[in-house]
Amino acid sequence: MQNFRRFILAVAICAFAASSTPASGFDADFSGTLARVRSAVVGISSTANRILTNELLDDANVRKILGLPDGVLIVQSGATVTGSGVIIDSEHGYIVTNSHVIADADDIVVTLKDGRVLQAEVVGSDAPTDLAVIKIGAPGLVALDWGRSSGLKVGDFVAAIGSPLGLEQTATFGIVSGLGRSGLGIDEYEDYIQTDAALNPGNSGGALVNATGELLGVIRGVPPPNEGAQGIGFVIPSEFASKIVRALVKDGEVRRGWLGVSVTLSQADVGATQNLVVDRLVCNSAAERQGVKLGDAVTALNGHAVSTEAAFKNAVSLLAPDARVILDIRRGGRVQRLELTLADPGSVQSAPVHRALEAVTLGLPVSSRSRACTPNGPIFLEVPSDSIAYAAGLRTGDYLTSINGEPAISAAQIQDLLDASDGKISLDILRAGTAYRIEAD
């Protein structure tokens, strides 16, 4: 009986000890892990002469009152942006951060936890994902290892480290509030981890870590303050960020192949499993030329299932020009496997020089096998979201039919029409079977 009582007491003690362990996995010794993590997180300050942008300055009446002629820009001298970064390679001094933290910087200064202040150089930057890599040279650096963001679940406890409001190596604690956040219009490629760990201006580029100090993601930031968001912050997942970082370290840029297709979740059967269906197919693109058709249900890319539009778009964005991919589709009840080769956007003819078409890439039409693709003019292959053309209303996939009312079906014709214009042009386009006229300066 005495031994039985001792056994019951031992079981009770073990149960109490187990129940006393934090569910988060962060134990009392996490301060030690946090000390190592904080040593790998740096403060970044970049200085540049930037063009001052403001909605009021785009108003013709405001410019007239201020006496600003058209085409005259206001340059803000010595503009400073502060943020954070994470050392990911102690030997070479590579630091990952957000591209907006170091964009157009003339001078970049990194502050380490031990107080050292060092000049940094840009290794590479990728605006569509808001990721960048900079480099410093110093002994005794501490780096973080990439963790598996795909293993995260809503409710997992995480810690965020950065330099909010200039308070360097600040650590905050929270949970994963959501996964796969996209469609927010923040970056071109979105697949954010959402967390309620406190984030403030200056946290951008910092680290989101787990209990073992692994880097689960690069902090992107918080929604604009006018949205009144509290306890909402976004982080770029480590498994996506690490691939971008590798490309930046290797080439200084991310070279993306062009597939020419987009997908959307089908809404056909309520309650049934939703499929990703091809809803846009650019004529003469890699996808259209190699057998993809409108309405195809995409089940896998390179053997990996894709369940959301953002997941498909992001997966394709990581593929290089001329990369060979396998696309599993279902068409008319039959499963097919298509082997495709991505095109190189750089090999496609660029648009003639004109302010309204700056940064736009055009492709000239050729014969097409698809009845869904009968372009009446060059195709806007890529219209960057930060371009003048995008602001004017042009979008990727638009068919250009005329300029200033005249047919534009060859590179020579386009150039002649732009040369003959007095600066302001009208572009007639065809989008999803509907014609539009867009005025542009």
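Q: What should I know about the model and its numbering?
A: This is a predicted model, in which local features need pLDDT of at least 70, side-chain atom pairs count only at pLDDT 80 or more, and totals for chains, interfaces and linings use all residues. Residues are numbered from 1 along each chain as its sequence is written, while side-chain values use heavy atoms, with hydrogens and water left out.

Q: In what order do the six strands close into a barrel?
A: Strands of a sheet pair through backbone hydrogen bonds, either parallel or antiparallel. Here the order is E8-E9-E10-E13-E12-E11, with antiparallel pairing; strands are DSSP runs (E, at least two residues) and helices likewise (H or I, at least four), numbered from the N terminus, and two strands pair if DSSP finds at least two bridges between them. Strand E8 (residues 157–162) and strand E9 (residues 170–181) pair over six bridges, and glycine 162 stands opposite threonine 170 in E9.

Q: Which strands does helix H2 touch?
A: Helix H2 (residues 30–40) packs on the sheet and touches E8, E9 and strand E11 (207–209), where contact means heavy atoms within 4.5 Å.

Q: Where is glutamine 169 found, and is it buried or exposed?
A: Most residues other than glycine have a negative phi. Glutamine 169, however, has a positive phi near 55°; it is found in the loop between E8 and E9, and it counts as buried at 6% relative accessibility (buried means under 20% relative accessible area, exposed over 50%, partly exposed in between, with a 1.4 Å probe and protein chains only). Asparagine 404 also has a positive phi, of about 55°, but is partly exposed at 34%.

How values were computed. Axes fitted to C-alpha atoms, helices over the stretch in contact; angles between N-to-C directions.
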